[in-house]
Amino acid sequence: MGAPHCLVCNVPVFAHGHLLSSKNLGASKSVLCNPAPRKPQCDILRGGFEGGHAVKRMEGEVRSVRTETESGGSVAVKEEGFSVKVLKGSPLPFGTTARDGGVNFAVHSSRATSVTICLFTLSDLHKGKVTKQIPLDPLLNKTGDVWHTFLAGKFDGMLYGYQVDGEYCPEEGHRYDASCILLDPYAKAVISREEYGVLGPGGNFWPQMAGMVPVPDDEFDWQGDLPLKLPQKDLFIYEMHVRGFTKHGSSNVNHPGTYLGLVEKLKHLKELGVNAIELMPCQEFNELESYSYNSVMGDYKMNFWGYSTINFFSPMIRYAASGVKNCGRDAIKEFKMLVREAHKHGIEVFMDIVFNHTAEGNDMGPILSFRGLDNSVYYMLAPRGEFYNYSGCGNTFNCNHPIVRRFIVDCLRYWVIEMHIDGFRFDLASIMTRACSLWNGENVFGNDIEGDFLTTGTPLNEPPLIDMISNDPVLRGVKLIAEAWDTGGLYQVGNFPHWGIWSEWNGQYRDITRQFIKGTDGLTGAFAQCLCGSPHLYQEGGRKPWHSVNFVCAHDGFSLADLVSYNQKHNLANGEENNDGEDHNNSWNCGEEGELVGLPVQRLRHRQMRNFIVCLMVSQGVPMLTMGDEYGHTKGGNNNTYCHDNNVNYFRWDKKDTSQAAFFKFCSLMAKFRSECESLGLEDFPTAERLQWHGHQPEMPDWSESSRFVAFTMVDSKKRELYVAFNTSHLPVIITLPERPGFKWEPYVDTSKVPPYDFLADDLPNRATVMKQYDQFLNAGIYPMLSYSSIILVLSVDGNS
């Protein structure tokens with residue numbers, strides 16, 4: 001793939017597990033990631049502050065600790081004015097919990113032989129020093145597989161990690177390494193580098209990380225915030241990137257590229273008509289994970305998208321204006337402020353969450369957290385310890401293992417209860433339906449069930465994790481959206497185990513609408529299904545139209561403007577010789593490749609963009625628009641921009657406010673129109689009582705292979721009736737409208753018209769004059785449609801009848 005190489009050992013970066021997302025693979029052809037497990041060969045992966053991935057226990061760097069045993073099984077630790085009493089503590093809950101007089105620590109590790117808590121001050125962390133080590137006594141501080149203690153004392157400004165010792169035997173699935181200081185999977189804030197994209201001391205791009213030790217009374221003023229609980233059928237989702245949304249200079253916000261910067265631009269989303277934002281990954285990840293020089297761009301590649309999670313409980317600290325201030329507590333408050341202020345604008349907040357793999361990669365990847373605590377529990381392993389690679393990113397999270405599924409449910413509950421999140425989109429969610437390593441009845445249910453043995457990774461009809469989430473008393477009240485496929489070939493669109501709760505990214509909707517609107521033959525019937533909410537996918541399973549999340553474009557793949565401007569991907573800027581990214585985009589450049597084209601091609605492209613917006617807004621189901629498409633953002637034909645922290649991915653406010661303002665207005669008007677129509681967000685699939693199909697003549701639809709025309713009428717309690725038609729032929733047509741005695745058809749939308757006449761809004765200054773120009777056609781019961789255009793007419797009372 002022309003992969004970048006490690007700057008330290010010259011090993012391909014992909015070998016370290018540095019793939020950012022399944023989307024940039026042409027490769028995840030192999031399910032087994034590493035047929036020959038071995039210890040990491042690069043100093044950067046072996047641990048140590050000097051190497052960067054983990055703290056090594058080096059002489060002279062760990063301060064001596066004097067302990068003395070006290071009565072009652074407690075231990076007092078005193079040093080340089082810092083004192084703490086080590087008590088037994090509780091094995092539950094997992095993680096760190098502030099209580100009166102101190103903090104409880106609890107971490108799961110099934111085969112550890114010793115566990116040591118490492119405490120840091122922020123300054124010591126940056127200097128490469130452990131402030132204090134507290135070894136745990138397995139007789140006092142271990143219950144089952146949980147190591148725990150209560151540390152009595154004050155921990156303001158303190159951070160922590162774990163040193164865990166045990167057997168290093170990869171062929172048996174164990175990768176314990178006492179030289180590494182590990183992150184607690186339940187840490188609520190993770191501290192490492194302070195500034196986004198800036199290397200650590202000594203040019204280190206993987207400095208030691210540590211979790212925030214909680215303190216009591218760390219409250220946030222929610223100002224009475226409550227869940228909006230918007231009906232799912234009424235949602236309009238906006239997929240967005242926190243940093244990319246306001247980082248460009250034209251955003252003119254006080255805190256560009258941050259949670260607070262997003263808060264400053266909520267008005268834009270409200271104006272667009274959005275009532276739900278889906279945040280691309282903003283749990284702690286390392287944007288320097290694939291840091292390598294890009295000779296094409298003359299800069300360094302970043303993990304911009306963030307699909308490589310380090311810690312699932314911590315918000316991305318470097319998306320916070322406050323950075324590491326107050327050990328990350330202020331960053332948590334900034335995230336909460338974003339949610340609170342979004343709710344005030346009537347906007348729900350969803351998180352794109354990546355439970356299919358972690359940043360630890362394959363066998364050459366770093367030992368950061370899960371791998372050093374319990375590799376054989378947290379990852380899907382083959383019998384000889386190899387990592388299964390259903391994610392395409394080096395490892396696969398062992399989602400249906402009892403410990404792992406409990407972790408996932410705890411994590412989701414935390415974001416709902418503590419952070420007021422309204423929903424989740426699960427990246428490569430099909431992995432969450434696969435059988436865990438060593439799957440059998442005893443492993444999962446506590447008793448052996450004859451004949452229940454399944455191969456690791458086998459798709460399950462009733463996966464325990466999905467069952468737990470679907471029936472959890474907290475999580476049943478939030479929106480759950482599955483990306484119902486993975487890179488191991490499991491495609492479950494329409495068949496994801498759902499319990500009547502789960503929605504899906506409808507990949508079939510994307511593919512069919514792209515092909516039909518560019519003029520592909522033989523798709524009228526499939527396109528009609530899309531307009532109806534894809535009943536062929538969801539109705540038989542008992543789901544509703546709003547279980548289909550409809551989208552034309554997403555963060556990966558072409559933007560909407562590029563979809564109508566490029567026939568081929570143009571990914572040279574990624575530095576991978578155009579070998580990355582999807583080759584089958586169902587795009588059409590409208591006659592000429594690229595941005596510098598003639599006026600007729602430009603007009604056709606604008607028409608096609610409006611056609612896609614009309615399609616989204618008149619389809620049953622939940623429409624989703626990706627950031628920037630509302631003004632026609634271009635990425636120059638790059639359909640895999642995972643590595644660019646620059647204008648390629650930044651929202652261009654200067655474009656939105658100037659040259660593309662007309663398209664933004666069209667998108668806003670279409671969203672408003674949809675919200676005003678009772679019939680465009682139905683509780684159930686439309687029936688013949690309200691929906692009627694038409695062709696060039698009323699009630700005569702043409703479903704033939706050569707047809708490129710679809711039209712329908714829909715009875716609407718608020719608008720009386722709608723007439724919607726799509727002509728994706730290269731030829732214009734004259735259509736005959738259905739007769740409605742006593743009423744007349746009034747034009748609202750015609751994508752063939754130039755702005756602002758593409759949408760005849762009620763407040764259009766010369767609307768009455770424009771409407772009269774249609775009379776000669778409408779009085780005759782006909783309407784002319786240009787090639788590649790769509791229209792919406794609304795039934796009104798005929799004053800002349």
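## Exercises on a predicted model

The structure holds zero disulfides, a disulfide being a pair of cysteine sulfur atoms within 2.5 Å. Cysteine 532 is in no disulfide, and the nearest cysteine sulfur, that of cysteine 530, is 9.3 Å away.

Before you start: this is a predicted model, where local features need pLDDT of at least 70, side-chain atom pairs count only at pLDDT 80 or more, and totals for chains, interfaces and linings use all residues. Residues are numbered from 1 along each chain as its sequence is written, and side-chain values use heavy atoms, with hydrogens and water left out.

**Exercise 1.** Decide whether cysteine 532 and cysteine 677 are buried or exposed.

*Solution.* Step one is the rule: buried means under 20% relative accessible area, exposed over 50%, and partly exposed in between (1.4 Å probe, protein chains only). Step two is the values: cysteine 532 has a relative accessible area of 11%, so it is buried. Cysteine 677, at 4%, is buried as well.

**Exercise 2.** Find out what covers the buried residues of α6.

*Solution.* Start with the count: in α6 (residues 370-378), eight of the nine residues are buried. Among them are Phe370, Leu373 and Tyr378. Next, look for contacts (heavy atoms within 4.5 Å). The cover includes β5 (102-108), β10 (158-165) and α7.

**Exercise 3.** Describe the lining of the second largest pocket.

*Solution.* On a 1 Å grid over the protein atoms alone, a pocket is an open set of points where a 1.4 Å probe fits, with protein on both sides within 12 Å along at least five of seven lines; lining residues have an atom within 4 Å of a point. Here 27 residues form the lining, and Thr96, Lys188, Pro214, Tyr414 and Glu418 lie nearest the centre. The largest share, five residues, comes from α7.

Technical notes. Helix = DSSP H or I, 4+ residues; strand = E, 2+ residues; numbered from the N terminus.
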